[in-house]
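Welcome, and thanks for taking a look at this one with me. Below are some numbered notes to read alongside the model.

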There are 2 protein chains.
Amino acid sequence: MSTNAALSATERTRIRRLPERAGSDRDELYAILDAGRLCHLGVIVDGSPRVLPTGYGRDGDTLYLHGSTGAVSLRAEEICVTVTHLDGLVLARSVFHHSMNYRSAVIYGRPHLVTDPSEKLAGLRAVVEQLTPGRWDTARRPTRKELAATAVLALPLDEASVKTRQGPPGDDEEDYALDVWAGVLPVTQSFGVPVPDPLLRPGIPYDGV
Amino acid sequence: MSTNAALSATERTRIRRLPERAGSDRDELYAILDAGRLCHLGVIVDGSPRVLPTGYGRDGDTLYLHGSTGAVSLRAEEICVTVTHLDGLVLARSVFHHSMNYRSAVIYGRPHLVTDPSEKLAGLRAVVEQLTPGRWDTARRPTRKELAATAVLALPLDEASVKTRQGPPGDDEEDYALDVWAGVLPVTQSFGVPVPDPLLRPGIPYDGV
């Protein structure tokens, strides 16, 4: 029901809660990351935790983040990046066993600021293609000035854990006799009809994502 | 295009990036929280940031979190809770101006462990109703033993910021002449058809959420 893949041997990636099925599956990590649009970036600022939503991209075994060169959150020495997909609401017969079906990946590490121009471009490409696939080739590429204003961070996918829950609720034995509906309400993320920019020039068809 | 409401006067809730429209709207904070299903909880563990997806609930101006009494993440002195809704992919004419439409709330504070039995029950109710509305009254309520195994944290909604982006891309003046589609691809979260537990007793209709 619950899968926990520690992809590294560190204490903090060991799953403590519900380690029924610990594993080590890098493909599962990549699949969770590749299916996401945004991550939650955790940093410590002035001694306090801070969590901000932001874009990301993966290129091989490196995760890329980007932001303004002035962003406080991109100056952190150590970060945590979490990507979560909510797949379903788990309705149990008891309040206590209510849960959610999800897939999540948690990555820890010390990112480095990318300075090599070709890696910086590749990192930005990964971020743009993650959020809006195909647009790197469709839209105008970054100018030298835009590149200079953008910081790109590289985080190796060395220390990570994956935790997922799928399937029906797990109720207490005696509760299966209760007159309460139980099961899963699937949750999906979908796209609506594209909304053209009011300033879009006439005659340009939607070609995106 | 971008709204930033600092709901408190602290330095860390002052929006530095894109503060075009700073405001102070508690209703907006509540609306973002109430529309969510899960939050990302940021804590510091052994000096490192950690971000974990988890449920939450709001009761008035208090945010409640719950978990196993043994969970490391619930022993943190100071936490950050972030709730994010992805509303759209913003396709600009230039790669640089690609963005996302979203609503996010970031809350900072020092939570306290709820020990008062009636507040603990109210906190749990808020968490369950946030994830699966209506189920507190449908499903079997917690036993004394279940309550004892559950830790409930209360976080006052005193220090928070809200940041949102909505609307079309903002391109550079000269790019509006480009032959590139621009606009927004709306993103929505929706529910699928309820999947009954294979062990559900016959004759119990779906009544949930």
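1. Let us begin with A:Leu153, which lies in strand S10 of chain A, residues 150-156; helices (H or I, at least four residues) and strands (E, at least two) are DSSP runs, numbered from the N terminus. A:Leu153 is buried, at a relative accessible area of 3%. Here buried means under 20% relative accessible area, exposed over 50%, and partly exposed in between, with a 1.4 Å probe and protein chains only. Leaving aside residues up to four places away in sequence, the residues that A:Leu153 touches include A:Leu63, A:Leu74, A:Pro111 and A:His112, where contact means heavy atoms within 4.5 Å. From A:Leu153 to A:Leu124 there are 29 residues in sequence and 9.6 Å in space, C-alpha to C-alpha.

2. **How to read the numbers.** This is a predicted model, in which local features need pLDDT of at least 70 and side-chain atom pairs count only at pLDDT 80 or more, while totals for chains, interfaces and linings use all residues. Residues are numbered from 1 along each chain as its sequence is written, chains are lettered from A and ligands numbered from 1 in the order in which they are written, and side-chain values use heavy atoms, with hydrogens and water left out.

3. **The chain as a whole.** Chain A has 4 helices and 13 strands. Its C-alpha atoms fill a box of roughly 65 × 50 × 30 Å along the principal axes. Of the 209 residues of chain A, 55% count as buried. If you take the contacts in chain A between residues at least 6 apart in sequence, 72% of them join residues at least 24 apart.

4. Strand S10 belongs to an open sheet of 4 strands in chain A, ordered S5-S6-S10-S9 with antiparallel pairing. Two strands pair if DSSP finds at least two bridges between them. Strand S5 (57-59) and strand S9 (112-113) of chain A are at the edges with a single partner strand each, so one side of each has no neighbour in the sheet. S9(A) and S10(A) run antiparallel and are joined by 2 bridges; A:His112 stands opposite A:Ala154 in S10(A).

5. **A helix to compare.** Helix H2 of chain A (residues 117-131) has 15 residues and spans 21 Å from first C-alpha to last, close to the 21 Å expected at 1.5 Å a residue. That expected span is 1.5 Å times one less than the number of residues.

6. **Strands S7, S8 and S11.** S7(A) and S8(A) pair in the antiparallel sense over 11 bridges, and A:Leu86 has A:Tyr102 in S8(A) as its bridge partner. On to the next pairing: S8(A) is joined by 7 bridges to strand S11 (residues 159-165) of chain A, and the two run antiparallel. There, A:Ser104 has A:Lys163 in S11(A) as its bridge partner. Strand S8 (residues 99-109) of chain A is mostly covered, with 9 of its 11 residues buried.

7. What do the side chains of A:Asp87 and A:Arg103 share? A polar contact of 2.8 Å joins them; such a contact is a pair of N or O atoms within 3.5 Å, and within protein one must be able to donate a hydrogen and the other to accept it, with residues adjacent in sequence counting only if both atoms are side-chain atoms. A:Asp87 is in strand S7 (residues 79-91) of chain A and counts as buried at 18% relative accessibility. A:His85 is also placed in strand S7 of chain A, and at 11% relative accessibility A:His85 is buried. The A:His85 side chain reaches the backbone oxygen of A:Ile32 at 2.8 Å.

8. **Where the chains meet.** In this model, 88 residues of chain A are in contact with 88 residues of chain B. About 7,600 Å² is buried between chain A and chain B, 65% of it from carbon and sulfur atoms; buried area is the accessible area (1.4 Å probe) that two parts lose on being put together, summed over both. A:Pro49, A:Val95 and A:Trp181 supply 10% of the area that chain A buries against chain B, more than any other three residues. The copies meet through the same surface, because 100% of the interface residues of chain A are also interface residues in chain B.
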